[in-house]
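Good morning. I will go through one structure today, starting with a single helix and ending with the RNA. Please look at the picture first.

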Amino acid sequence: MSYPIETVRHSLAHVLAAAVQKLFPDVKFAGGPAIENGFYYDFDTEHRFSEEDFPKIEKEMRELIKSNGRFEQRFVDLDEAKGLFKFQPYKMEWLNEYDAAGEKLSVYTFRDFTDLCRGPHVESSKDLPRDSFKIRTVAGAYWKGDAKNKMLQRIYVDAFLTREDLEQFLKMQEEAAARDNRKLGKDMDLFHFEPEYAPGAVFWHNNGYRIYRKLIEYLRARQERAGYLEISTPSIMDRCLWERSGHWAKYGAHNYSGKTQDGKTFCVKPMSCPGGMLVFGQGIKSYKDLPLYLAEFGKVCRYEAAGGLSGLMRVREFTQDDAHIFCTEEQLETEVVKILRFIKDIYGKFGFDKISMKLATRPNSEFRIGSDEVWDKAEGALKHALDANGIEYEIAEGDAAFYGPKIDNYLRDSMGRVWQCGTVQLDMNLPERFDLSYVGEDGEKHRPIMLHRALLGSIERFMGVLLESTGGNLPLWLSPEPVVVTPISEKQADYANEVVSALRAAGVYCRADLRDEKVNYKIRELSLAKTPIIAVVGDKEMADKSVTLRHFGSDKQETIALADFVAQMAEAIKMPL
RNA sequence: GCCAGUUUAGCUCAGCUGGUAGAGCAUCUGAUUUGUAAUCAGAGGGUCGUUGGUUCAAGUCCGACAACUGGCACCA
């Protein structure tokens with residue numbers, strides 16, 4: 001009998017728990033679901049799991065599977081369940097909170113291990129594979145996902161239906177690791193980190209900074225065409241600004257701040273919004289000025305927890321492609337739709353055809369401001385904008401910011417991890433706190449609706465995802481160095497320089513590789529650095545004013561006239577507006 | 001911040017049970033002038049993350065701190 005992979009994974013989680021119980025009898029069980037490529041189970045035991053335990057545990061799991069144990073389901077009432085799990089504090093905590101008088105609870109027993117579990121499970125462990133799972137790692141995880149609770153030990157296991165699937169998965173993981181943004185950053189000479197001097201902050205090298213600048217140039221061009229205005233606000237401002245915005249109370253501890261000689265506390269900006277509010281607040285705004293789009297490529301600094309830093313994906317200093325949109329209530333939905341389309345279109349240009357969207361709704365009342373009516377309206381507007389445009393999304397219950405609901409979009413890195421990138425957020429807080437207003441048709445003052453919006457989110461993070469998705473093989477318009485000209489010997493050095501000059505005159509960034517090395521050597525090295533086009537010039541090319549091209553990922557050669565090449569390149573590096 | 005692991009030359013890594021460091025690539029010098037993924041030869045380069053301790057002796061054992069990696073929490 002064959003079962004869905006989720007059932008197999010979940011049943012294997014019980015086998016893991018049974019194996020751990022056998023090897024470490026003091027263990028207390030929390031829970032263990034099936035996940036994307038396998039499953040995990042959370043344990044609490046005096047023993048600290050380490051890699052050395054993995055083979056022992058896997059062996060025990062295989063033994064248990066071999067024993068053809070049955071997964072037996074029983075239904076018990078609450079009191080009976082409390083008796084069964086009286087030595088299992090985590091199960092008891094769950095039972096004590098469980099409030100469903102009269103309802104029966106489902107309990108599964110496999111060998112000596114009994115768990116509170118809805119199932120479904122396989123009938124017998126003979127339905128489970130013995131050689132298509134592998135313990136990946138052990139990691140800490142808080143009970144109930146709350147940092148105030150005890151940290152448990154979570155064992156992650158990769159699990160598939162067949163050995164081939166597992167092996168294929170492991171191989172893919174290996175290949176994905178080769179596309180890690182940190183590795184590509186080194187291979188392509190894009191950036192580096194200085195853990196001693198600036199943990200979590202990027203030192204951009206020429207190549208990386210060229211990509212970074214191109215991303216911003218592209219966004220700027222797109223935004224200008226969409227009617228955005230671009231502003232720039234100070235990096236360091238008095239603490240009282242963030243007190244006014246309400247962020248200090250909530251996030252003050254994550255700010256970089258310091259005292260100045262006049263005894264004031266200044267703070268490096270962790271976000272651009274308050275500055276944007278002050279710009280909007282200048283002069284008198286009319287309803288005729290709305291919607292008003294104020295964009296800012298603001299570099300922001302946040303003291304992120306040390307354990308959360310990760311290459312380009314999570315840094316302490318990054319540039320947001322932020323914008324604040326001021327509009328009327330009637331314009332709100334149209335503006336949200338415009339942003340969503342903007343995001344979709346731009347992501348498509350980077351090759352991200354499907355992006356996952358989440359609508360984050362109001363957090364618990366103690367963590368939010370504004371009345372329920374306003375939240376209803378705000379959430380309704382965002383939801384309607386999504387629905388009316390056939391955009392697929394999930395709802396992230398309670399995940400909104402304290403000041404309003406938002407739509408976030410997520411991209412995955414090469415290892416499948418999900419990162420928040422673009423965002424549309426409705427803010428019911430800042431217009432109030434900065435007392436923003438516009439004069440309406442009726443001659444009265446009105447409060448504008450304000451939307452935060454980021455397309456890529458953080459330039460750093462987006463570049464990280466982009467590098468991983470392309471394996472560093474960027475499209476020509478984004479490539480930091482689309483062409484390198486390589487003479488066969490020093491006899492053609494002058495001609496190589498001539499080719500470079502012609503390309504540069506056409507706006508193509510390039511250089512000649514005049515090193516005293518064999519062509520083979522240079523081809524290899526340039527290929528490893530992912531140079532998209534290598535233009536080789538020898539006596540033949542010099543004689544007839546041509547170049548021989550080799551494109552990344554191919555060993556085909558193509559000889560074309562220099563003038564044609566220059567014209568082609570000038571076209572190929574144009575931004576896809 | 002929490003849990004686990006890791007930290008040796010510019011990079012990738014070796015150094016078993018403690019006996020004061022090694023490879024490949026890169027760099028530099030010389031030779032070579034090269035036709036599509038590594039030309040040959042020589043040379044230089046490390047207070048083994050930092051800091052305490054154990055020991056006659058520590059890259060190796062123990063502690064603290066830091067950073068990094070993988071998770072968890074956080075993410076305005």
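Start with helix 15: the face turned away from its buried side carries the exposed residues Asp494 and Ala505. Here buried means under 20% relative accessible area, exposed over 50%, and partly exposed in between, with a 1.4 Å probe and protein chains only. Helices are DSSP runs of H or I with at least four residues, strands are runs of E with at least two, and both are numbered from the N terminus.

Two remarks on the source. This is a predicted model, in which local features need pLDDT of at least 70 and side-chain atom pairs count only at pLDDT 80 or more, while totals for chains, interfaces and linings use all residues. Residues are numbered from 1 along each chain as its sequence is written, chains are lettered from A and ligands numbered from 1 in the order in which they are written, and side-chain values use heavy atoms, leaving out hydrogens and water.

Back to the helix. Which residues of helix 15 are buried? They are Ala493, Tyr495, Ala496, Val499, Val500 and Leu503. Seen down the axis of helix 15, these buried residues fall within an arc of 165°, so they line one face of the helix. The arc is taken from the directions from the helix axis to the C-beta atoms. Among the elements covering the buried residues of helix 15 are strand 25 (483-487), strand 27 (533-537) and helix 18 (562-572); contact here means heavy atoms within 4.5 Å. Just after helix 15, Gly507 takes a positive phi of about 85°.

Three strands form an open sheet in the order 15-22-23, with mixed pairing. Strand 15 (285-286) and strand 23 (445-446) stand at the edges with a single partner strand each, so one side of each has no neighbour in the sheet. Two strands pair if DSSP finds at least two bridges between them. Strand 15 and strand 22 pair in the parallel sense over two bridges, and Ser286 has Val439 as its bridge partner in strand 22.

Last, RNA strand B. Of the 57 residues around it, Arg182, Met271, Asp516, Arg524 and Glu541 come nearest; a residue counts as near if one of its heavy atoms lies within 4 Å. Helix 16 gives the largest share of the surface near RNA strand B, seven residues. What lies 3.2 Å from a polar side-chain atom of Arg417? A phosphate oxygen of RNA strand B does.

Methods. A polar contact is a pair of N or O atoms within 3.5 Å; within protein, one must be able to donate a hydrogen and the other to accept it, and residues adjacent in sequence count only if both atoms are side-chain atoms.
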